[in-house]
Every structure is written in C-alpha cells, then in structure tokens.
Amino acid sequence: MFEERDLLKTLEKWQKILRLKDWDIKLELVTKEWRKTGDVKIDQADKTAIMLINNCNPKQTNIEALIIHELLHIKLWGMDQMIESLLKCVYGEDDEDPKYVFAYTQFMELLEVTTQDLTKGYVELGADDKSVSFGRIQGQADAEWGR
Ligand SMILES: [Zn+2]
C-alpha cells in the first residue's frame, strides 16, 4: 500500500521536471480490485487531469515510475489525440474494419512502448527508486514453476 502523502510529493516533483506545472492534476487511489495499475483521464482544453493509482493489487512496484509514466501520457496527449483522429480520417471509425483495428492497435502499442521507454530514462536520471518492476510478468514466472 502506498501513502497518499508520498505520492503527492512524487507527483509534484515530476510535474515540475516534466514542465507540467500549469496542469491541475488530482490523484485518486483506487482501493478495490482493478485490472489496471494506473490510468489518467485528461481534459486538454482545461489542462486538468485525474490520475488513478491502483492501491489494492498493483502490478507495478515502483510507484515513482508509474507516476512518471502517467504524467508522460499527459505530455503526449495532444499528439496521441491527433494521431487517433488521423487514423479515423484515413480508415473510418468502423471498429470491425481490420485495417482500422490494425492501425489503431499498432499505434496504441507503440504509444505504450514509447511512454515506457521514456519513463525508464527518467527513472534512471532522477528517480529516488530506480528499481525495475517485473509485476506484469512475475505471475507468469510464478505459474511456470509453481511458486
Ligand atoms: Zn500507459
């Protein structure tokens, strides 16, 4: 379990480093079972965001890395939305169309990989906790040898 006070300090630290001080970001700790580790809801025009952090069954153990990751989603939001709109222009908005599904899936995966790569760089440079989280695959390893 994470302490809200510590998370707010970490959020403030990285908001400053990532030049996101002009955003109002509310932190919400999710206290029941949740499929995600973190998420962020963004209103670009209003420069407000709500960051959700799993505080019940988190797969991510490095919470500072998680906060950086979610902040980078805010940073990349404009480009993210522009590309999503472009994909809809080019391929239409039919969720069943394989061309659209392919392009959208590829984009979302690339966005996640890029966000995570940048996160790792920032963690290396300036995080107090530089540990790597293996939570996303640890369950598979445990299951493999029956731990
Ligand atoms: Zn993400």
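1. Two strands are said to pair when DSSP finds at least two bridges between them. This term is needed for the points below, which concern a predicted model.

2. The strands may be considered first. Three of them form an open sheet, in which the order is E1-E3-E2 and the pairing is mixed. Strand E1 (24-30) and strand E2 (38-43) stand at the edges; each has a single partner strand, so one side of each lacks a neighbour in the sheet. From one strand to the next, the twist averages 15 degrees.

3. In general, the strands of a sheet pair through backbone hydrogen bonds, in either a parallel or an antiparallel sense. In which sense do E1 and E3 pair, and over how many bridges? E1 pairs with strand E3 (residues 48-54) in the parallel sense, over seven bridges. Two residue pairs may be located in the structure: Leu27 has Met51 in E3 as its bridge partner, and Val30 stands opposite Asn54, also in E3.

4. E2 and E3, by contrast, run antiparallel and are joined by six bridges. Within E3, Thr48 is the bridge partner of Asp43. The hairpin of E2 and E3 has four residues between the strands, and in this hairpin Lys47 takes a positive phi near 50 degrees.

5. The helices form the next topic. Two packed helices are described by the angle between their axes and by the distance between those axes. Here helix H1 (residues 4-17) packs with helix H2 (residues 63-75) at an angle of about 45 degrees, and their axes are 10 Å apart. The pair is therefore classed as oblique, since an angle under 35 degrees would count as roughly parallel and one of 65 to 115 as roughly perpendicular. The crossing of H1 and H2 is right-handed.

6. Which residues of H1 and H2 meet? On the H1 side they are Leu7, Thr10, Leu11, Trp14 and Gln15, and on the H2 side Ile63, Glu64, Ile67, Ile68 and Leu71. Of the residues in this contact, seven are nonpolar, two are polar and one is charged.

7. E1 and E3 are parallel partners. H1 packs on the sheet and touches both E1 and E3, and the direction of H1 makes about 145 degrees with that of E1.

Terms used:
Residues are numbered from 1 along each chain as its sequence is written. This is a predicted model: local features need pLDDT of at least 70, side-chain atom pairs count only at pLDDT 80 or more; totals for chains, interfaces and linings use all residues. Axes are lines fitted to C-alpha atoms, for helices over the stretch in contact, and angles run from 0 to 180 degrees between N-to-C directions. Angles under 35 degrees count as roughly parallel, over 145 as roughly antiparallel, 65 to 115 as roughly perpendicular and the rest as oblique. A crossing is left-handed if the near helix is turned anticlockwise from the far one by less than a right angle, and right-handed if clockwise. Two residues are in contact if their C-beta atoms, placed from the backbone, lie within 7 Å. Ala, Val, Leu, Ile, Met, Phe, Trp, Tyr, Cys and Pro count as nonpolar, Asp, Glu, Lys and Arg as charged, and the others, Gly among them, as polar.
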